[in-house]
2 protein chains.
Amino acid sequence: MTAVFVVSGGTGFSGEQLLRTALAQFPAAEVAITVIAGIRRPEQLENAVAQAAAANGLIVHTLVDAQLRLTLDRLARNRGVLAVDLMGPLLAQLQVVLGREPVGRPGLYREQNREAFERTEAIEFTLAHDDGRHIENLRQADIVLVGVSRVGKTPISLYLASLGWKVANVPLVGGTPPPELFQIHRRRVVGLTIEPEQLLVHRRWRERRLKVSLSGSYSNPVKLREELEAARRVFLQGGFAVVDITNKPVEVSAREILEAVGR
Amino acid sequence: MTAVFVVSGGTGFSGEQLLRTALAQFPAAEVAITVIAGIRRPEQLENAVAQAAAANGLIVHTLVDAQLRLTLDRLARNRGVLAVDLMGPLLAQLQVVLGREPVGRPGLYREQNREAFERTEAIEFTLAHDDGRHIENLRQADIVLVGVSRVGKTPISLYLASLGWKVANVPLVGGTPPPELFQIHRRRVVGLTIEPEQLLVHRRWRERRLKVSLSGSYSNPVKLREELEAARRVFLQGGFAVVDITNKPVEVSAREILEAVGR
């Protein structure tokens, strides 16, 4: 496994993107990419170069500050670490054709495109954390939605993501809830509930779609009430806000969730 | 206005991304970016260099084929055009640390990440074409949803986008429908409808949220029926499939829409 370090004064997004494009040309290679972002001071560069030296890795950097760029090149040379400067030559040529100096302030691109970036990130996060996936990252979510199957977690999560919120959703499936739920601040967790009659309709829709009959309890009215009741006990145990989505358009449920988490 | 040309064997995405990051360092500069993608043969390079020469512009390239890279450098030098090679130095260093040759086949990164790319594109498109925005691009949509206010167009569009479909949605607001609707293939347009009672509930939710009373007809049961009836006439006129979303979870409506457009 080869280690490649992306060093950036901003987020490292452009550098990582170009690196991944280049790595696609080495299909069989196993590479571990580490992004070292937000570099503003020479000391931070020392750490980054030390890491790369220890891993016998390659540095790829997109530093926009000329001084930091020179420092990195010097440090890498001293340590015998290969460093590829992705940004320097481009900035130099742009300076020629534009006839002016770059401002050399890291993070400007992101500042100018913050909204688009945050939304994209939120959507990517939300898709990756749908239906209890990657529950180990639950702390990174802005909002965590919890509820039984077919309560509407996915569409509401996606809608919130389109507004820029990173949402994870966690299904409650029989037995004990995942312990990770209780390790994050309860204000960020919202329990979703629904009238049993509507849940029954939703589940029957689903069975019809899948053209199968799911396990007996899935759309058994009695079991279903018990399941909703068990969910309510989990919400109470965690001290989570509860939003009833019965008959509400997705936007309305989303708004109530945002109010519940206090924003 | 300075012209910069991004030349790429793939989509030009990584190059454009890095260029935009670099340009953020020249906040006052006015730059026109042209992406020349899918370059596979030397003749295409001649055209690209001729364009750049005519515009007195800069070329930034991410070619992965060593032969094309050398050709571009030679052509640019002959024409006195500045060319920045973003990919070459990186590939060369990766070759050293990985101890193997790059395959030199353009478009590999996108091939490997097609699904993620397409989803991201679909979501961006869908957000940009919500609620009748950019109706001039309607032809580019995979699916166009049409319906009255509060019928659920936005959440369903976002859900379909998360599955990779580029969706535009067009509201029907009194008077005549936008003529663009009838200029695309009717099989790609789906009319959404809803029972008047549920629409009334949705609109009252909205009024409560906005803490205002909207125009008298917005949540007037009689006007609202007339509005739904007018929408149905538009669907009939266009020969559009109709999906009734009353009481259905977003996923179910989305599935019926996909069936209606025949996929």
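B:E124 and A:R119 join their side chains in a salt bridge, with N and O 3.5 Å apart. B:E124 sits in helix α6 (residues 114-128) of chain B and A:R119 in helix α6 (residues 114-128) of chain A, so this pair links two chains. Side chains of opposite charge can pair when their charged atoms come close. The model is predicted.

A second bridge involves residues of these numbers on the other chains. A:E124 pairs with B:R119, and the closest N and O atoms are 3.5 Å apart. Between chain A and chain B the count is four salt bridges. Over all chains it comes to 23.

Now take the interface as a whole. Chain A brings 72 residues to the contact, and chain B brings 71. About 6200 Å² is buried between chain A and chain B, and carbon and sulfur atoms give 71% of that area. Polar contacts cross the interface too: 10 residue pairs, both partners at pLDDT 80 or more. On the side of chain A that touches chain B, helix α1 (residues 13-23) of chain A gives the most, with 10 residues. That side of chain A has 42 nonpolar, 17 polar and 13 charged residues.

Next come the pockets. The largest has a volume of about 1400 Å³. Its lining counts 32 residues, and A:F13, A:Q17, A:T120, B:F13 and B:T120 lie nearest its centre. Helices α1, α5 (108-112) and α6 of both chain A and chain B each supply at least two lining residues. The largest share, six residues, comes from α6(A). By class, the lining has nine nonpolar, 12 polar and 11 charged residues.

The second largest pocket has a volume of about 840 Å³. It is lined by 36 residues; nearest its centre are A:D131, A:S149, A:R150, A:R206 and B:E251. Here α7(A) gives the most, with five residues. Chain B contributes as well: its α7 and α10 each supply at least two residues. The lining divides into 12 nonpolar, 10 polar and 14 charged residues.

Last, the cavities. There are five of 30 Å³ or more. Of the 27 residues that line the largest cavity, A:K248, A:P249, A:V250, B:K248 and B:V250 lie nearest its centre. Helices α7 (153-162), α8 (196-210) and α10 (250-260), from chain A and from chain B, are the elements that give two or more residues to this lining. Its residues divide into 12 nonpolar, 10 polar and five charged.

Definitions and conventions: Residues are numbered from 1 along each chain as its sequence is written. Chains are lettered from A and ligands numbered from 1 in the order in which they are written. This is a predicted model: local features need pLDDT of at least 70, side-chain atom pairs count only at pLDDT 80 or more; totals for chains, interfaces and linings use all residues. Side-chain values use heavy atoms; hydrogens and water are left out. On a 1 Å grid over the protein atoms alone, a cavity is a set of points where a 1.4 Å probe fits but cannot get out, and a pocket is an open set with protein on both sides within 12 Å along at least five of seven lines; lining residues have an atom within 4 Å of a point. Grid points are joined across faces, edges and corners, and a volume is the space filled by probe spheres set on the points. Helices (H or I, at least four residues) and strands (E, at least two) are DSSP runs, numbered from the N terminus. Ala, Val, Leu, Ile, Met, Phe, Trp, Tyr, Cys and Pro count as nonpolar, Asp, Glu, Lys and Arg as charged, and the others, Gly among them, as polar. Contact means heavy atoms within 4.5 Å. Buried area is the accessible area (1.4 Å probe) that two parts lose on being put together, summed over both. A polar contact is a pair of N or O atoms within 3.5 Å; within protein, one must be able to donate a hydrogen and the other to accept it, and residues adjacent in sequence count only if both atoms are side-chain atoms.
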